[in-house]
Amino acid sequence: AVFALLVFLFPYSGDDWAWGSEIGIERLKNHFDNYNGRYAGNLLVMALTRSKLLDIIVTAFSLVCVCVFPKLYSGSDRFATLPLAFTLFLLTPKTIWAQSVVWTAGFSNYIPPILLLVLYLIIVRNIFEDGAPQYNKFLPIVTAVTGFTASLFMENVTIYGLALSAAVIIFSFVKYRRFFAVQLAGCIAGTALMFSNSVYVEIVGAKDGYRSTAISEGLLNTLITHVNTIVTHYFVNNIPMILAVTVLCSALAFIFIKDSNYGKKQKAAKVSIIINIVSFALILLKRPLMLLAGGRGTAVFNLIALLAVLARFCPVFALVIICIEDRNKMLKSLFMLLSIPVLIAPLLINPIGPRCFFPPYFIGIIFCVCLFDYITDIVSLSERQVFTMNTAFSAAGATMLIFMLVIYVPIHSYDVKRNEYAVKQAEAGYETVTLCKLPHKAYVWTGDPDKKPWNTRYKLFYGLDQNITFEFLDCKEFDKWASEFDKEMSEK
């Protein structure tokens with residue numbers, strides 16, 4: 001119900017206007033040839049932009065899965081894992097949130113595929129248990145369809161699906177001498193279908209005007225640019241998640257050091273936690289230091305941030321291996337931790353934007369829940385402490401929810417008002433239509449049709465004449481203008 005309310009408040013914007021208009025139909029008639037191979041994502045966004053009710057149902061259900069899947073994957077029986085995942089999800093960095101959750105076109109390509117692949121991991125999670133796994137005879141069909149479908153949304157997630165399926169096969173064979181290859185077969189078929197689209201040949205050959213790869217732009221320049229983008233969006237702008245990992249790893253290390261008798265492992269844990277905290281401090285300070293420097297030494301600050309990120313992964317990896325003494329839970333956490341660089345690596349050469357980081361961010365949520373589940377298992381908590389912990393996480397989630405409502409209620413209100421008055425003016429024969437800019441601009445991706453191609457697509461979506469021109473006012477000015485317009489219309 002909470003997510004349904006939020007999705008109801010989200011406006012259509014940017015490419016949503018294209019997909020929900022005749023532009024989407026033309027792309028479909030052409031079978032998306034020379035556009036992209038994200039067939040499942042394209043069909044989904046076409047459906048969601050034509051029915052707000054369907055959009056609410058599908059998106060709300062998916063966001064519930066984002067909060068529930070971490071608990072299911074970890075196997076935790078603690079209530080606190082739900083509000084923890086809920087809070088971390090609502091703390092998604094603003095740019096990632098706007099482009100992958102609020103923006104229907106972004107949601108359609110970035111959230112469903114990673115949910116499908118995590119669903120596969122939940123289905124086969126008993127490979128981490130001691131006994132040989134037994135599965136229903138229909139399960140191979142489910143996993144094959146899951147793998148095939150998940151491969152038809154986003155290129156880097158498609159590559160991750162191949163790597164994940166191969167890792168499960170290798171892991172299961174080494175541990176049980178059994179193969180679980182059906183998911184991989186589905187992923188391979190889906191990958192082949194995706195990359196059979198003619199657009200990828202043009203991208204590699206630098207013939208596509210919008211998209212390019214490192215091959216067409218130059219490897220070194222692309223890598224430098226994209227490394228800085230990765231560091232910025234997944235680390236520097238992602239302080240709540242990085243802080244959560246730092247706190248959980250520190251707690252894990254302190255508990256291990258206190259209870260362990262292994263001298264070398266204790267020393268390794270101490271060194272790892274020091275590096276972990278120092279690297280977090282460097283990431284945290286990058287933005288304020290750059291502001292103080294007034295733009296000078298940008299390359300140096302970028303290099304320091306990159307080294308901090310690289311230095312951060314190794315101690316976290318070491319702490320998981322050293323401090324999680326339950327082998328099965330260690331492997332579960334390790335699968336999630338290693339998934340993050342696998343998801344991010346293709347972005348070094350692919351076109352990149354904040355929305356690309358939702359899949360690794362979601363994996364980060366699952367990793368945090370796995371650490372939290374293990375820590376709470378090995379620490380004896382009283383009923384009062386459990387109640388306090390549940391209350392604290394629930395209060396944090398409720399606070400974030402209230403914040404989101406404060407942001408999106410006025411956005412929805414002005415979006416509805418703007419669209420209604422646009423149609424009224426067009427019907428009244430106005431050649432210049434007055435619109436308002438949406439409030440809280442950073443929380444909606446391309447929310448204002450104030451330039452090409454968005455103004456053209458907005459007109460198509462709402463059935464307006466293409467010869468109309470737009471004039472924009474801020475919200476307060478628009479309210480005054482709307483009152484005068486209503487008065488004028490009533491007099492006529």
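**Notebook: salt bridges and one buried phenylalanine**

I began with R38 and E155, whose side chains meet in a salt bridge at 2.9 Å, N to O. By salt bridge I mean a side-chain nitrogen of Lys or Arg within 4 Å of a carboxyl oxygen of Asp or Glu. This pair links distant parts of the chain, 117 residues apart: R38 sits in the loop between α3 (22-29) and α4 (39-48), and E155 in helix α11 (residues 155-176). My helices (H or I, at least four residues) and strands (E, at least two) are DSSP runs, numbered from the N terminus. Both R38 and E155 are buried. Here buried means under 20% relative accessible area, exposed over 50%, and partly exposed in between (1.4 Å probe, protein chains only).

A note on the ground rules: this is a predicted model, so local features need pLDDT of at least 70 and side-chain atom pairs count only at pLDDT 80 or more, while totals for chains, interfaces and linings use all residues. Residues are numbered from 1 along each chain as its sequence is written, and side-chain values use heavy atoms, with hydrogens and water left out.

How many salt bridges does the structure hold? I found 11. As a reminder to myself, side chains of opposite charge can pair when their charged atoms come close.

Next I looked up D377 and R78, whose side chains form a salt bridge at 4.0 Å, N to O. They are 299 residues apart, with D377 in helix α20 (residues 358-378) and R78 in the loop between α5 (52-74) and α6 (81-90). D377 counts as partly exposed because its relative accessibility is 38%.

Then I turned to D450 and K437, where the closest N and O atoms of the salt bridge are 3.1 Å apart. Both lie in the loop between β1 (432-436) and α22 (454-461), 13 residues apart. D450 is partly exposed, at 34% relative accessible area, and K437 is partly exposed too, at 33%. I also noted a network: salt bridges that share partners join R78, K329, D373 and D377.

**A look at F478**

Is F478 buried or exposed? F478 is buried, because its relative accessibility is 0%. I located F478 in helix α23 (residues 475-491).

Which residues does F478 touch, leaving aside those up to four places away in sequence? I listed K417, R418, Y421, T434, L435, C436 and L473, where contact means heavy atoms within 4.5 Å. For R418 I checked the spacing as well: F478 and R418 are 60 residues apart in sequence and 8.8 Å apart in space, C-alpha to C-alpha.
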